[in-house]
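Thanks for making the time this morning.

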Amino acid sequence: MIKVEDWAEIRRLHRAEGMPIKAVARRMGISKNTVKRALAAEEPPKYRRVSRGSIVDAAEPQIRALLEQFPDMPATVIAERIGWTNSLTVLKDRVRVLRPHYKPLDPASRTTYQPGELAQCDLWFPPAKLPLGAGQAGSPPVLVMVSGYSRWLMARMLPSRAAGDLFAGMWTLLTVLGAAPKTLVWDNEGAIGQWKGGRPQLTAEANAFRGMLGIAIRQCRPADPEAKGLVERANGYLETSFMPGRAFTGPGDFNTQLGQWLERANARHHRRIECRPADRVQADRAAMVGLPPVAPPVGWRTSTRLARDHYVRVASNDYSVHPSAIGRLVEVVADPEQVTVSCGGQLVARHERCWAAHQTITDPAHAHAAAVLRRTRIQSVAAPAGTEVEQRRLSDYDALLGIEGVVA
């Protein structure tokens, strides 16, 4: 077999130097037929060893027969069924080659996205415990959103996965983005909706949210992880790139560090789109839906008549309210950052949101006002006035009981 360097030299002498085949054969010391074959070859010569067959060739018809009926049969079971006593490695290699011919095809679709078309959403639970206050620690969920066209990544830690916190977090991220994608893609998260009878059903909160923004919320079908592969990969990126080597003093510190990291992450080159997300986000945002002038009703919202203990409950925590609102109807609004209570349009309480569970949060001003009101109430109760009581004779009682004239 002619060497590659000889093949290259033959072609050079004939093509570049213009030497005839006979002269090239004489120069190289080879036959004219070898020169002709080198000039006719379309690729460099390669060494190809003649195959002597494999020990598993004789068993291949039996393997194919089993795979035709049972495409997922493990190689170890196939070895047992055909009575294979030789090396299991060569059998596994042959089964690996033959199996795709019998399994039904399941190709993964490669999806392209238009500007402003959609964003994929998910909840990611970081593999670390954060101090939440009151001696408690936990791993609150992180809302992650990825725009399909620009791959712009957004994320924020939330106190819980309840609807009040989830939609408040979505509104916060979209407010920072300055627009809303035309479609938000979610899996079957409880606060979003679920599949019933083969059809997706959104929750009332999800319908109210999308209605205020004028967008769609699409639920993925069960057991279809590829439908939101962008955000799944983003979760893995957060776990392998953001988390290692970091420590957090609490959820606020977590969100601060996360925001700084996201600025760098969105400025890095993305291999799939061959540019930075920051290079595409302007075109992406321009094609999205503008945010409504009035914020949608997100967060925890409830109305209640304030009881005498002047506390309201949000999630599992109790927050104090100014006692002047006792007995009146109050409006409670809570988001991931704060809890506010209003009565008749007047603010009667404002607290930072507590991320720990089963706590009582008291404003010292509320406690002082309640103490003053209690003292005033006690002092306002008048002491009973002194009155003269008639002193009756004992004989009057004897006459009343009919024992007159009885001698002891």
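**Cysteines and sheets**

Let me begin with Cys275, which has a relative accessibility of 16% and therefore counts as buried, since the cut-off for that word is under 20%. Cys354 has a relative accessible area of 19%, so by that cut-off Cys354 is buried as well. Please keep in mind that what you see is a predicted model. When the whole structure is searched for disulfides, the number found is 0.

Now to the sheets. In what order do the 5 strands of the open sheet with mixed pairing run? The order is β5-β4-β1-β6-β9, and the sheet is open, with pairing that is mixed. At its edges stand β5, residues 153-157, and β9, each of which has a single partner strand, so that one side of each is left without a neighbour in the sheet. From one strand to the next, the twist averages 20 degrees. Helix α9, which covers residues 229-242, packs on this sheet and touches β1, β4 (142-147) and β5, and the direction of the helix makes about 45 degrees with that of β1.

Let me stay with β6 for a moment, which spans residues 183-186. Strand β1, residues 118-124, runs parallel to β6 and is joined to it by 3 bridges. Within that pairing, Leu118 stands opposite Thr183, and the bridge partner of Ala119 in β6 is Leu184.

Are the residues of β6 buried or exposed? Thr183 and Val185 point one way from the strand while Leu184 and Trp186 point the other way, and all of them are buried.

There is also an open sheet of 3 strands, in the order β11-β12-β16, where the pairing is again described as mixed. In this sheet β11 (311-314) and β16 (360-361) stand at the edges, and because each has a single partner strand, one side of each is left without a neighbour in the sheet. Strand β12, residues 317-320, runs parallel to β16, and 2 bridges join the two strands.

How values were computed. Residues numbered from 1 in each chain as written. Predicted model: local features only at pLDDT ≥ 70, side-chain atom pairs only at ≥ 80, totals over all residues. Heavy atoms only, no water. Buried < 20%, exposed > 50% of the residue type's maximum accessible area, 1.4 Å probe, protein only. Helix = DSSP H or I, 4+ residues; strand = E, 2+ residues; numbered from the N terminus. Pairing = 2+ DSSP bridges. Axes fitted to C-alpha atoms, helices over the stretch in contact; angles between N-to-C directions. Contact = heavy atoms within 4.5 Å. Disulfide = S-S within 2.5 Å.
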